[in-house]
Amino acid sequence: MKVFEMAGRPVEPVDSANFTGDGTLVRMDDVCTAPSVNAYRVTFEPRTRTAWHTHSGTQLLVVVEGTCRFQNDGEPVREVAAGGIVSIAPGERHWHGATPDRAMTHVALNIDAATTWLEKVTDREYGGLST
Ligand code: MN
């Protein structure tokens, strides 16, 4: 049994190349090594969201504060409240972030998953408009 505490871990700003807006990230690499599981606690300020991206393995988003706004390519923009989990299959093109009025924190669990970053999410896409 191993315990991975939050306290004392470096809090980094999110990478502006792959996010729109402001947020912070705390890494817990190698929570498990077989399969490889990396955990990232990410706090998104209001309106902040990732760029479009894919993962080579499953990603689980455990929403711990606020409401997560997210979209799988080709589907409507959706939201899930704290306590909910979004399960993203390998290869699904998607983004995730805060709602416009409130910060959101999720723990992302990346299971044997590398991330490929794509283009930024436009304000129209973030607002749920198709183009
Ligand atoms: Mn993702």
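Guide: The largest pocket has a volume of about 370 Å³, a volume being the space filled by probe spheres set on grid points joined across faces, edges and corners. A pocket here is an open set of points on a 1 Å grid over the protein atoms alone, where a 1.4 Å probe fits, with protein on both sides within 12 Å along at least five of seven lines; lining residues have an atom within 4 Å of a point. This is a predicted model, where local features need pLDDT of at least 70, side-chain atom pairs count only at pLDDT 80 or more, and totals for chains, interfaces and linings use all residues. Residues are numbered from 1 along each chain as its sequence is written, and side-chain values use heavy atoms, with hydrogens and water left out.

The lining of the largest pocket comprises 23 residues, and F19, L25, Y40, T115 and W117 lie nearest its centre. At least two lining residues come from each of β1, β3, β4 (36-44), β6 (53-55), β12 (104-111) and β13 (115-117); strands are DSSP runs of E, at least two residues, numbered from the N terminus.

Now for the sheet. Six strands make an open, antiparallel sheet in the order β1-β3-β4-β12-β7-β10, two strands counting as paired if DSSP finds at least two bridges between them. β1 (12-13) and β10 (85-88) each have a single partner strand, so one side of each is left without a neighbour in the sheet. β1 is joined to β3 (residues 23-33) by two bridges, and E12 has L25 as its bridge partner in β3.

Terms used:
Helices (H or I, at least four residues) and strands (E, at least two) are DSSP runs, numbered from the N terminus.
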